[in-house]
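Please keep the sequence at hand while reading.

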Amino acid sequence: MIIIKPITLTDAMITSHSIAETEVAWSALPTYAAADVVKYGNHKKYSSKQGSNLNNIPTAYPDEGAWWLDEGSTNRWNMFDLVTNIESSGTSPVSFTLTPGTPVSALHFDGIVSDTIDISVSDGVSEVYARTVDTRTRDILSWADFYYEPYRYKKYVILHDLPRGVANPVITITLTSSTGTCSLEGFIFGIHYVLGDSMAEGANYTRLSYSQFDKDNFGTVRLTPRGGASKANVRVSLDPRSVDRVMNLLEEFDAQVLSWSAVSSMDLQFFRPFAIRGVYRSPFSLDVAKYVRADLTLEIEGI
C-alpha cells in the first residue's frame, strides 16, 4: 500500500497555467442578478441564487446563505481542489508548470480525459526526468474486442518514480487530446510512503451510486442519474518494526485526502479498483500475530 501526502499548493508555486481564470472577482459595489458567477477567497467560485444581490459576501459550503451557491473552485483551480470531484477543463493541450520549492517523489492524476500526459522535471538547469503516459486503453479479450472495442481513458495515473533528490524541482505537466479538449478532476504532487504489502485475501471494492430511483403509487418509475464514489477495504501486512511509523502517519493524515494505491504499478492486475483519491474511514484495526507480523485493515472512501 502506497500513499502520497499532497503538498499544499499556493499561488506562488504556479509558474504558468494554460487555463485562464476568467471568473470575475466578487465586489461589494455591483448588484448581481440570479446565476451571475464570481470568484471569492482562495479561488472559490459562487453563483448568485437570486437577483438584487448587493453587498452580500459569499460563504463556502456548508455555511451558504440565501444569496450565494458554492460551486466549488474556479475552472483552473478545480484540479487542485482535492475535496471535490469537479473537473478542470480546457483546450488541448492543457499545460501547467509548478515550482513547489521542496522535493517531490510522486504524482497522482484522476478523472482524466486526454490521450497522453507528458511529465517533465528539471532542477532549474537541465531536465532530470521525462515520461509520457498513454492514457488511452482497450481491454482486448477476444477477436471481436480487437476489431470493435473502442478506446477509453484511464481514470487514474499514479507515478512513484520521480527523483526525490531534486531540492527545487520545476514540474511541467502537459495533457493532449485529439478531441480538442482535456480535463482533469484531481492532481496530487508530494512525497510517497510505503505502508506495507497489500494482501489480496479479504480485499474488496464497491462503488456507491448516488442516482435517485423513485417509484410512485401508480408504478411510474423515475431515475435521476447522479455520480458515485468508490470504497475499498484493504488489508496491509506490516513489518513489526514499522508499526509505530505507520500509526504516526495515519494519525497525521487523519481526515486528509491522500492518494492511495494498493497495487504498485498501473500495469498490474487490479490496479484500478484499488487506486483511490480519498480518506481512510474509522475504524481501522491492527491485528498482531505472535509479534512477527501485524495486519492493518483500512477502509478507504473516495472523493
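Strand S1 (residues 2-6) and strand S18 (residues 186-194) pair in the antiparallel sense over five bridges; in S18, Val-194 is the bridge partner of Ile-2. Strands here are DSSP runs (E, at least two residues), as helices are (H or I, at least four), numbered from the N terminus, and two strands pair if DSSP finds at least two bridges between them. The model is predicted: local features need pLDDT of at least 70 and side-chain atom pairs pLDDT 80 or more, whereas totals for chains, interfaces and linings use all residues. Residues are numbered from 1 along each chain as its sequence is written, and side-chain values use heavy atoms, without hydrogens and water.

S1 also pairs with strand S23 (residues 258-261), again antiparallel, over three bridges, and Ile-3 stands opposite Trp-260 in S23.

An open sheet of five strands, with antiparallel pairing, has the order S2-S9-S16-S11-S12. Its edge strands, S2 and S12, each pair on one side only.

| Strand pair | Bridges | Residue pair |
|---|---|---|
| S1 and S18 | five | Ile-2 and Val-194 |
| S1 and S23 | three | Ile-3 and Trp-260 |
| S2 and S9 | three | Ser-16 and Thr-97 |

Elsewhere, Tyr-147 lies in helix H1 (residues 143-148) and is exposed, with a relative accessible area of 58%.

Methods: Buried means under 20% relative accessible area, exposed over 50%, partly exposed in between (1.4 Å probe, protein chains only).
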